[in-house]
Amino acid sequence: MADETDETRTSASPYSTGGGGTRFEHRLGTVLLVRLLTAGPILELGERAPDRVAFQRAPATSVDDLVATASGAGGTSIRLEIAVRRTPKFIRSDKKTSELIAALVRADLGAERDSVPLVQRRLAVAVSGQ
């Protein structure tokens, strides 16, 4: 029996076994935290800088990967809830993406029931590039 070396060993990469999505979420979270610390604006927050960034906020929100909040003029805040996905397939037959869209629709429809006064809620999907 031949000895197995690093070159002959076969294993799945960390990216293909789930680490890639987590790494992408952490990278995006880092961008949001830098904007928080430097008071840098974020387009999706109405060109405002975030005053709060949170990770994994379930059950507080159904779109929970990242949540950034910015105080607004006149006391109205904007809360950006981001679903982070590495490579979703936006086609009818893709079950995971269909579940994501259903969660976004439920979150949007439930926003009026659960809404906090003076908080404008925005939903987003962050997708990594090629």
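Colleague: Which residue in the hairpin of S2 and S3 takes a positive phi?

Modeller: That's Gly74, with a phi near 75°, and the hairpin has six residues between the strands. Keep in mind that this is a predicted model: local features need pLDDT of at least 70, side-chain atom pairs count only at pLDDT 80 or more, and totals for chains, interfaces and linings use all residues. Residues are numbered from 1 along each chain as its sequence is written, and side-chain values use heavy atoms, with hydrogens and water left out.

Colleague: OK. How many bridges join S2 to S3, and do they run parallel or antiparallel?

Modeller: Five bridges, antiparallel, with S2 covering residues 66-70. Strands pair if DSSP finds at least two bridges between them. Ala68 stands opposite Leu80 in S3.

Colleague: And how many bridges join S3 to S4?

Modeller: Nine, and those two run parallel; S4 is residues 119-127. Val84 has Ala126 in S4 as its bridge partner.

Colleague: Which residues make the nonpolar surface patch?

Modeller: Phe90, Ile101, Val105, Leu109 and Val127, for about 460 Å². H2, residues 95-114, gives the most, with three residues. Phe90 sits in the loop between S3 (77-85) and H2 and is exposed, at 51% relative accessible area. Patch residues have over 30% relative accessible area and no salt bridge, and nonpolar side chains (Val, Leu, Ile, Met, Phe, Trp, Tyr) are joined within 5 Å, like charges within 9 Å. A salt bridge is a side-chain nitrogen of Lys or Arg within 4 Å of a carboxyl oxygen of Asp or Glu. Areas come from the Shrake-Rupley method with a 1.4 Å probe, and for residues only the protein chains shown count as cover.

Colleague: Last one: which element gives the most to the lining of the second largest pocket?

Modeller: H2 again, with four residues. The lining includes Arg85, Arg86, Lys96 and Glu99.

How values were computed: Buried < 20%, exposed > 50% of the residue type's maximum accessible area, 1.4 Å probe, protein only. 1 Å grid on protein atoms, 1.4 Å probe; cavity = no way out; pocket = protein on both sides within 12 Å on 5 of 7 lines; lining within 4 Å.
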